[in-house]
Amino acid sequence: MPDGRPLSFPMPREFESTLHTDLRDQMTYSGYLGLDTLLSSQHPRSDHHDEMLFIVIHQTTELWFKLIIHELSAVLDHVSHDRLEPAFKILARVKHIFSQLIDQWSVLATLTPSEYIQFRHVLGHASGFQSVQYRTVEFMLGNKDDRMLRVHAHDPAATEQLTNALNAPSIYDAFLAHLARRGLPIPEEVLSRDIRKPHEPDPRVTQVFKQIYLHTEVHWDAYEMCEKLVDLEEQIALWRFRHLKVVMRVIGFKTGTGGSSGANFLRQMIDHQFFPELWSVRTEL
């Protein structure tokens, strides 16, 4: 009572009479979300306290990847049917999902080297490099490499999922085909290339984008699509960079559990471009 007045305490919140309390045979929050399965899917293989953190972070990442694949599939459908505008919101959503994934690295970065070495051995050869969903996202965005299927040769379902993504046009392929359908001079060699391979930069494509950026009043929807793709690629690059720094912070330059060179392997991917002409056009303007 520092100011002479008696202390007061908030009254308990009223229990609203309209709240449903008899939930027998009803849809519940837990049932709708399948929480019995979701929350019983963490199985630490050591007694170390921080292994639970490691598991939950990676499981959460996989849930986000599942949503990203769901969203990018819709983008592919829209662009393939010449509907750019509905794709804008979806691509913005995926960009924000990657923002969440970037923030998650800060949580994992609280794991110190001395803590991680207490349970790293229980991972065996398990590695994020083996994420089927992450590889699917890479393929959908155009970074295709059929050698990656070797990692999943033991898993028919994973092999089928990745093969389907490998054989399908990437979002960039679909966008370039859309531009060709609206009369822009995308080279036939680009349109008819083997879509199982990564797109190779072509200066003629850069010139098409230059016209879009110089005449936005004519190509507003294409211009907006270009910027949405650049937004997304920038977020992915930031996510990759954050991944690299967390790996360096926790294990330094050790070899990855999956056999990769670890930080050096991740460093190679930071400058990778999914949509190269959308970056080269900036120099041309």
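Modeller: Helices here are DSSP runs of H or I with at least four residues, numbered from the N terminus. On that numbering, and bearing in mind that this is a predicted model, the largest nonpolar core holds 64 residues, among which I68, L72, L141, F175, L179, F209 and M225 touch the most other members. The elements that give two or more residues to this core are α3 (51–80), α4 (85–108), α6 (132–141), α8 (171–181), α10 (203–214), α11 (220–251), α12 (263–269) and α13 (276–284), and the largest share, 13 residues, comes from α11. To look at one member in detail, I68 touches V94, I97, F98, L101 and V137, when residues up to four places away in sequence are not counted. A second, separate core of eight residues includes F139, M148, A158 and L162.

The C-alpha atom of Q118 is separated by 9.0 Å from that of E51, although the two residues are 67 apart along the chain. M27, placed in the segment before α1 (29–33), has a relative accessible area of 61% and is therefore exposed, since exposed means over 50%. Together with Y29, Y32 and L33, M27 makes a nonpolar surface patch of about 560 Å².

Terms used
Residues numbered from 1 in each chain as written. Predicted model: local features only at pLDDT ≥ 70, side-chain atom pairs only at ≥ 80, totals over all residues. Heavy atoms only, no water. Core = buried A, V, L, I, M, F, W, Y, C linked by side-chain atoms within 4.5 Å. Buried < 20%, exposed > 50% of the residue type's maximum accessible area, 1.4 Å probe, protein only. Contact = heavy atoms within 4.5 Å. Patch = residues over 30% accessible without salt bridge, like charges linked within 9 Å, V, L, I, M, F, W, Y side chains within 5 Å. Areas by Shrake-Rupley, 256 points an atom, 1.4 Å probe, with all protein chains shown as cover. Salt bridge = Lys/Arg side-chain N within 4 Å of Asp/Glu carboxyl O.
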